[in-house]
Amino acid sequence: MWKQKVFPVLCRLEDFKPLNTFPIYMVVHHEASIINLLETVFFHKEVCESAEDTVLDLVDYCHRKLTLLVARSGDSGPPEDDESRYSTPMQELQKQAELMEFEIALKALSVLRYITDCVDSLSLSTLSRMLSTHNLPCLLVELLEHSPWSRREGGKLQQFEGSRWQTVAPSEQQKLSKLDGQVWIALYNLLLSPETRARYCLTSFAKGQLLKLRAFLTDTLLDQLPNLADLQSFLTQLALAEPQPPKKDLILEQIPEIWERLERENRGKWQAIAKYQLRHVFSPSEQDLRLQARRWAETYRLDVLEAVAPERPRCAYCSAEASKRCSRCQNEWYCCRECQVKHWEKHGKACVLAAQGDRAK
């Protein structure tokens with residue numbers, strides 16, 4: 001919400017000329033960190049089930065991101081990360097935020113797919129929001145049609161993977177990409193699950209949109225995702241069926257609580273929030289910026305990250321649990337001085353080269 005409501009106002013303020021945009025970048029980057037965590041944890045079905053009504057907010061979030069992704073599909077994807085084009089720090093920050101927004105939307109697609117894996121255990125209000133309020137099946141058809149993660153550049157097919165555009169070899173072009181696969185699996189879950197079939201209203205518009213899928217269901221695709229044969233049979237039956245009239249049942253709809261509460265509490269205050277943050281948050285003195293940089297460096301240093309890792313490091317010589325690291329290259333771990341001395345004959349050359357490389361940097 002901050003990025004949607006406050007950040008644009010902040011960028012338009014005439015007196016907003018930060019000497020360093022890194023503090024703002026960290027705030028924008030938090031969203032990317034959170035969606036990565038959500039993608040990881042929602043892989044496990046029990047997380048989706050335990051989320052209960054807060055799934056409504058997450059469904060709304062994913063819907064917003066995917067709608068923006070479809071809307072910008074004619075722009076041939078995110079901007080290239082070419083720093084030479086940026087004339088001011090704010091222009092650089094806005095371009096970085098735009099690139100990050102594209103990657104966040106792709107992660108939101110994965111999160112939504114994991115939620116659809118649990119449609120049988122979702123609440124009635126969540127199903128209603130997915131199928132009636134947002135009509136996610138039709139949105140997913142739009143994504144397949146536009147495929148914003150693929151493009152043609154110089155006659156070559158490119159796909160967005162690993163935060164950059166990668167050229168696809170001709171022999172690999174028929175292979176289903178991970179993102180296309182996520183869309184197909186989500187469609188399969190939403191259209192063929194007994195819970196959703198009983199609640200999805202197949203109007204003439206929805207029927208027309210869904211029948212577009214038949215053009216994509218080639219033999220090559222079915223070989224890679226055999227379960228889609230059931231979806232193909234469903235579409236064949238749908239082509240012969242009469243569209244359903246819109247349902248007029250009385251449904252008590254539950255709204256996303258987190259977004260609604262934040263918007264209600266801060267409505268009309270976005271300009272004031274932007275001006276306050278301009279003075280007190282995003283215009284730090286050089287001394288404050290150095291203190292922040294020191295805190296970030298201490299937070300994200302390798303020792304801290306390894307301390308919270310699920311597996312403790314092992315001695316490079318005897319494989320026992322290790323607590324000491326090679327002080328020169330910082331790459332190898334040892335349980336004691338004796339093991340380090342015994343391993344030096346093997347580790348010595350690599351250690352010297354690594355240390356020289358670090359000094360060169």
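This is a predicted model: local features need pLDDT of at least 70, side-chain atom pairs count only at pLDDT 80 or more; totals for chains, interfaces and linings use all residues.
**Overall make-up**

I started with the element count and got 18 helices and 5 strands for the protein. Next I looked up burial: of the 361 residues, 40% are buried. Then I checked how far along the chain the contacts reach. Taking contacts between residues at least 6 apart in sequence, I found that 69% join residues at least 24 apart.

**Helices α8 and α9**

I picked this pair to look at the packing. My α8 covers residues 136-146 and my α9 covers residues 178-192. How far apart are the axes of α8 and α9, and at what angle do the two pack? I have 10 Å between the axes and an angle of about 155°. Angles over 145 degrees count as roughly antiparallel, so I put α8 down as roughly antiparallel to α9. I also noted the hand: α8 passes α9 in a left-handed crossing.

Then I listed who makes the contact. From α8 I have Leu136, Pro137, Leu140, Val141 and Leu144. From α9 I have Asp180, Val183, Trp184, Ala186, Leu187, Leu190 and Leu191. Sorted by class, this α8 and α9 contact has 11 nonpolar residues, 1 charged and no polar ones.

**Cores**

I looked up the largest nonpolar core next, and it has 79 residues. Which residues have the most contacts inside it? My list reads Ile115, Trp149, Trp184, Leu187 and Leu210. Trp184 and Leu187 were already in my notes, from the α9 side of the contact with α8. I asked which helix gives this core its largest share, and it is α6 (residues 89-116), with 15 residues.

I followed up Leu210. Leaving out residues up to four places away in sequence, Leu210 touches Pro137, Val141, Leu191, Tyr200, Leu202, Leu235 and Leu238. Pro137 and Val141 are on my α8 contact list, and Leu191 is on the α9 one.

There is also a second, separate core of 8 residues. I wrote down four cysteines that it includes: Cys315, Cys326, Cys339 and Cys351.

**Val9**

Last stop was Val9, which I found in helix α2 (residues 7-12). Is Val9 buried or exposed? I get 10% relative accessibility for Val9, and buried means under 20%, so Val9 counts as buried.

What does Val9 touch, once residues up to four places away in sequence are left out? I have Gln271 and Ala274. Val9 and Ala274 are 265 residues apart along the chain, yet their C-alpha atoms are separated by 6.4 Å.

Technical notes
Residues are numbered from 1 along each chain as its sequence is written. Side-chain values use heavy atoms; hydrogens and water are left out. Axes are lines fitted to C-alpha atoms, for helices over the stretch in contact, and angles run from 0 to 180 degrees between N-to-C directions. Helices (H or I, at least four residues) and strands (E, at least two) are DSSP runs, numbered from the N terminus. Angles under 35 degrees count as roughly parallel, over 145 as roughly antiparallel, 65 to 115 as roughly perpendicular and the rest as oblique. A crossing is left-handed if the near helix is turned anticlockwise from the far one by less than a right angle, and right-handed if clockwise. Contact means heavy atoms within 4.5 Å. Ala, Val, Leu, Ile, Met, Phe, Trp, Tyr, Cys and Pro count as nonpolar, Asp, Glu, Lys and Arg as charged, and the others, Gly among them, as polar. A nonpolar core is a set of buried Ala, Val, Leu, Ile, Met, Phe, Trp, Tyr and Cys residues joined through side-chain atoms within 4.5 Å. Buried means under 20% relative accessible area, exposed over 50%, partly exposed in between (1.4 Å probe, protein chains only).
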